[in-house]
Amino acid sequence: MKYLYITCFVFFASLQISCQENEDTGLISGGNTEPEETITYSEKAKQTFDLIQQYYKINSTGYYRENFPVQSGDRECSYLWSLDGLLSGVNQLVALGFDDPELNHSYVALEGYYDTQRTPSAYAAFPVQYSQDDRFYDDNAIIAIDLIENYEITNNTAYLNRAKEIAQFSLTGEDNLTGGGLYWSEQNRNNPESELCMKAVSSTAFSVTYLLRLYEHTDEEQYLQFAMRLYNWLNEYIQDPVDNLFWNDIRVSNNFVNTTKWTYNSGAMITNNVLLYEITGEEVYLDRARTIAASTYTHFTRTVNSKLFFPANDSWFNVCLFRGYLDLLQYDQTAQSYVNVFIQNADYAWSNARNEYDLFYEDWAGQNPGRDKWLLQQAGLVEMYGRIAILKGEQQ
C-alpha cells in the first residue's frame, strides 16, 4: 500500500481473490528445489540487479525510474518504496561478497529522500529536491530495517545511527486512538476525518521489527518498550482470531477495520515473534511464529498446473513473507517446506515468467505479466535470489 495504492485501491481489492486459500486442492509440499540450470542463485541475484541498473538507473541524477519502459504519469524518478526494495536486494549481494561499485548507488540515492526540513528528520516519499512529499511511517520502518541489516553486514555505524533517528520519527506516529498502533502517514495523521487516516499493520509491524533489532544492538530499553506497545496492539486489535493472520488497518474516524490480508504483514509478524523468542527465550513467541507461518502457507498459496505458488500479485510483499519463513527456519525445520515452495517459485519464474527485457512478471507462475514494469517488483527478485543463495551457502 502506498502512493500507488491510493489511486489503485479498487484494482487491488479485486486482486484479493488470488490471495485466498485454494479450496479445490490440497497443499503440495515442497520437494526437490535444485534448479534445472547450472547458474547459481547468487548469479541470478546479480544478473537481476544488473538488469535494474541497465533499465532503471537514471545516470544523470543517480536516482532510479519507477517503471521501465517509462509510463504515462511517472515522475522524475521512483518513489522511496521502490528504492527500498532495491536496498534489501543490495544488502544480500553485499553479504554474498559481490564487489561492484554499482552496489553503492542505491544507498547514495537514498540520501536524496532524507528530509531535514521537517522535524524530526525522516525519509520522504520522494526526493526533497523535487517536492515536499508526505512521509510514511511504514516507508521509514522498512528503510530502518535495511539500514540495520547493512550495519550487520558492513559494521557501518552511520546506518545504525540513522535507524535511531528514524525511531524518533516513529514515535510521532503513535497515540491512543484505536487503542494504539502507528499511523500510515504523517500527512493523514493530521487529517483525522480522511478515509486514509488509519493505523496500519505495515507501519506498526515493520516498526516492531526494526525496534527489536535496535534493542538487540544497543540494549536500550526504550526500543524494547516501544516495540512491545506496538506488538501488543497488533495482537489485540488487528489479528484475526480465526486464522491468526493480520488485517490491514483500522480507520481512525470510525474504527472501521479493513480486513484485507497481505503476505507482508503476516511475514513481518513471524519475524517479530522469532525476534522476541531470541530476546526473551520464551517459547510462547516461537509458538506464535509457527502458528502464523502455518496459516500463511494455507491461506496464501494457490495451485497452478499442479504446482504450488504464492500470490500472483505483489512480489515484494511475498518476499517479505519469505523473510519470515527464513527467520523461523533457524528454530523449526517445519518451515523448510514453506521455504522450498518459495525456491520452486523462484526457479520457475527464472525460466517461465519474464518479459522481452528479461524482467520478471508479477505472477511467478508466468500466467500474467501484471505490473512487470514496476521497479519494486524487480527489486524483490534480487532479494529473493540473494536470500536463497545465502541459505545455500553460496559465496563469491
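This is a predicted model: local features need pLDDT of at least 70, side-chain atom pairs count only at pLDDT 80 or more; totals for chains, interfaces and linings use all residues.
Helix α12, which covers residues 283-300, has 18 residues and reaches 26 Å from its first C-alpha to its last, close to the 26 Å expected at 1.5 Å a residue.

**Helices α12 and α14**

- The buried residues of α12 are Y285, L286, A289, I292, A293, S295, T296, Y297, H299 and F300, and the elements that cover them include the helices α10 (221-237), α11 (263-280), α13 (315-329) and α14 (335-352), together with the strands β6 (302-304) and β7 (307-309).
- Helix α14 has 18 residues and reaches 26 Å from its first C-alpha to its last, which is close to the 26 Å expected at 1.5 Å a residue.
- In α14 the buried residues are A335, Y338, V339, N340, V341, F342, I343, N345, A346, D347, A349 and W350, and what covers them includes α3 (41-55), α12, β7, α13 and α15 (375-391).
- The axes of α12 and α14 come within 10 Å and cross at roughly 40°, which means that α12 is oblique to α14.
- The crossing of α12 and α14 is left-handed, and the contact is made by A293, A294 and Y297 on the α12 side and by S337, Y338 and V341 on the α14 side.
- Sorted by class, the residues of this contact between α12 and α14 divide into 5 nonpolar, 1 polar and no charged.

**F309 in strand β7**

- The residue F309 is found in strand β7, and because its relative accessibility is 2%, F309 counts as buried.
- When its neighbours within four places in sequence are left aside, F309 is in contact with F300, T301, R302, V304, N345, Y348, W364 and A365.

**Helices α7 and α9**

- The axes of helix α7 (residues 157-171) and helix α9 (residues 201-218) come within 11 Å and cross at roughly 130°, and α7 and α9 are therefore oblique to each other.
- The crossing of α7 and α9 is left-handed, and in their contact L160, A163, K164, I166, A167 and S170 of α7 meet S207, Y210, L211, L214, H217 and T218 of α9.
- By class, the contact of α7 with α9 has 7 nonpolar, 4 polar and 1 charged residues.

**Helices α4 and α6**

- Helix α4 and helix α6 (residues 137-154) pack at an angle of about 15°, with their axes 10 Å apart, and so α4 is roughly parallel to α6.
- Helix α4 passes α6 in a left-handed crossing, and the contact is made by L80, W81, D84, L87, S88, N91, Q92, V94 and A95 of α4 and by D139, I142, I143, D146, E149, N150, I153 and T154 of α6.
- By class, the contact of α4 with α6 has 8 nonpolar, 5 polar and 4 charged residues.

**Backbone details**

- Most residues other than glycine have a negative phi, and most peptide bonds are trans.
- A cis peptide bond, with omega of about -10°, joins F68 and P69, and P69 is found in the loop between α3 and α4 (80-96).
- The peptide bond from T119 to P120 is also cis, with omega near -10°, and P120 has its place in the loop between β1 (114-115) and β2 (122-123).
- Although N244 is not a glycine, this residue has a positive phi of about 70°; N244 lies in the loop between α10 and β4 (249-251) and, at 26% relative accessibility, counts as partly exposed.
- Although D314 is not a glycine, this residue has a positive phi of about 60°; D314 lies in the loop between β7 and α13 and is buried, with a relative accessible area of 4%.

Technical notes: Residues are numbered from 1 along each chain as its sequence is written. Side-chain values use heavy atoms; hydrogens and water are left out. Helices (H or I, at least four residues) and strands (E, at least two) are DSSP runs, numbered from the N terminus. The expected span of a helix is 1.5 Å times one less than its number of residues. Buried means under 20% relative accessible area, exposed over 50%, partly exposed in between (1.4 Å probe, protein chains only). Contact means heavy atoms within 4.5 Å. Axes are lines fitted to C-alpha atoms, for helices over the stretch in contact, and angles run from 0 to 180 degrees between N-to-C directions. Angles under 35 degrees count as roughly parallel, over 145 as roughly antiparallel, 65 to 115 as roughly perpendicular and the rest as oblique. A crossing is left-handed if the near helix is turned anticlockwise from the far one by less than a right angle, and right-handed if clockwise. Ala, Val, Leu, Ile, Met, Phe, Trp, Tyr, Cys and Pro count as nonpolar, Asp, Glu, Lys and Arg as charged, and the others, Gly among them, as polar.
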